[in-house]
Amino acid sequence: MTHLRLRIATALSAKGLATGGREAPRMAPRTKSVAASLSAAQDGLDAHSADGTNWAARRTALLQMDAALRGRHSRKWKRAVGVHYQRQMHKALDEIASVRVDRGVRIWRMYNMGFVVKSPRAIIGFDIHPGWVFRTPMTAAQQRRLTGLLDAAFVSHWHPDHLSRGILGQMHAAGKTLVLSSTFAMELRGDNVIRMRNTGGAPAKVAGLDVWCYPGWQFRLARNNIYVVHMGDMLVMHQGDNTLRSPYAAIARRHSIDVLLANCWANPAQCVKDLKPKLLITAHEHEFRHVVRSHFWCSFSELDKMGVAPPWAPGVTQARILSWGEQTRWP
Ligand SMILES: [Zn+2]
Ligand SMILES: [Zn+2]
């Protein structure tokens with residue numbers, strides 16, 4: 001695992017992706033408590049919804065969040081970050097349970113590359129993880145609530161920041177559908193466990209939804225499934241940690257992707273260039289166990305390089321950057 005993490009860190013540093021080629025923002029002023037810095041940043045986000053307007057104000061707030069999360073890992077800092085994380089998960093769970101979706105999709109950012117997508121037909125999760133937020137991941141009650149709400153959970157690859165055996169076990173016990181590749185969590189068996197690698201042209205059925213799976217990898221070290229899910233009237237794609245470029249052109253020939261859930265350091269520019277999704281949402285910022293951590297400013301830097309920023313002309317890819325527990329809708 002250490003070897004793998006070093007390989008990933010080295011690869012990221014070599015590509016300049018982890019830093020986005022820019023200087024990192026400074027830490028929050030020491031005069032402000034961690035909790036106050038986190039809540040000031042969150043207040044800025046709460047006051048400016050992630051609907052594609054408010055770009056400059058959200059950029060400021062997300063960079064404030066970067067600064068608040070770049071603390072010195074003192075006990076006080078860890079506790080404040082954990083409290084903030086659990087509060088944001090609580091808010092997201094309330095919304096997932098209560099928000100009515102009559103058309104399109106509503107998307108919540110959970111931990112790392114974890115997303116919940118709700119459409120009129122189903123609620124699904126991608127790479128759901130309780131959060132490596134020190135000693136304060138999602139509580140057991142929050143995890144039970146989340147697994148109870150989901151119809152199906154998709155896992156891109158076996159890296160432990162993308163799959164949680166606890167969450168998968170709860171989903172499995174509750175008879176919810178799990179979509180996995182054929183190489184991990186082999187202890188999970190049964191009618192509700194669907195293993196995929198390459199569906200080819202014909203979609204598989206998962207919780208009543210059409211699903212395509214395309215094979216990729218992460219730096220040749222781990223197989224990574226790329227999922228395309230038809231949520232009713234929207235096609236949603238989750239990239240996982242895929243770094244293999246070749247699948248994107250093939251996917252683009254077959255699908256017109258509406259929403260791309262993209263890894264901020266796994267060449268999102270190539271992915272967007274090939275797929276031309278209508279909406280791009282970045283992820284993998286602030287994964288705490290990574291040796292080299294990505295930040296929101298890395299994502300902004302990638303978007304700047306792509307020229308993806310408002311005002312949005314009709315037909316061009318729009319983008320959103322979401323912090324823990326935040327949501328957006330499409331269209
Ligand atoms: Zn990975
Ligand atoms: Zn990862």
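I began at a turn: in the hairpin of β7 and β8, with two residues between the strands, Ala 207 has a positive phi near 50 degrees. A reminder to myself: this is a predicted model.

**Around β8**

β7 covers residues 204-206, and it pairs with β8 in the antiparallel sense over three bridges. I wanted one facing pair to look for on screen, and I picked Lys 205, which stands opposite Asp 210 in β8.

Then I followed β8 to its other partner. Strand β9 (residues 222-230) runs antiparallel to β8, and nine bridges join them. Here my facing pair was Pro 215, which stands opposite Asn 225 in β9. The hairpin of β8 and β9 has three residues between the strands, and in it Phe 219 takes a positive phi near 50 degrees.

**Cis peptide bonds**

I moved on to peptide bonds and noted two cis cases. One joins Pro 310 and Pro 311, with omega at about 0 degrees. I found Pro 311 in the loop between α9 (296-306) and β13 (318-320).

The other cis bond I wrote down joins Trp 330 and Pro 331, where omega is about -5 degrees. Pro 331 sits in the segment after β14, a strand that spans 327-330.

**Positive phi in loops**

Asp 127 isn't a glycine, yet its phi is positive, near 45 degrees. I placed Asp 127 in the loop between β3 (123-126) and α5 (140-149).

Is Asp 127 buried or exposed? I looked up its neighbours: there are 27 C-beta neighbours inside 10 Å, and the cut-off for buried is 20 or more, so Asp 127 counts as buried.

His 284 was my last stop. Its phi is near 80 degrees, again a positive value in a residue other than glycine. His 284 has its place in the loop between β12 (279-283) and α9. I ran the neighbour check here too: His 284 has 24 C-beta neighbours inside 10 Å, so it counts as buried.

Definitions and conventions
Residues numbered from 1 in each chain as written. Chains lettered and ligands numbered in written order. Predicted model: local features only at pLDDT ≥ 70, side-chain atom pairs only at ≥ 80, totals over all residues. Pairing = 2+ DSSP bridges. Helix = DSSP H or I, 4+ residues; strand = E, 2+ residues; numbered from the N terminus. Buried ≥ 20, exposed ≤ 12 C-beta atoms within 10 Å, placed from the backbone.
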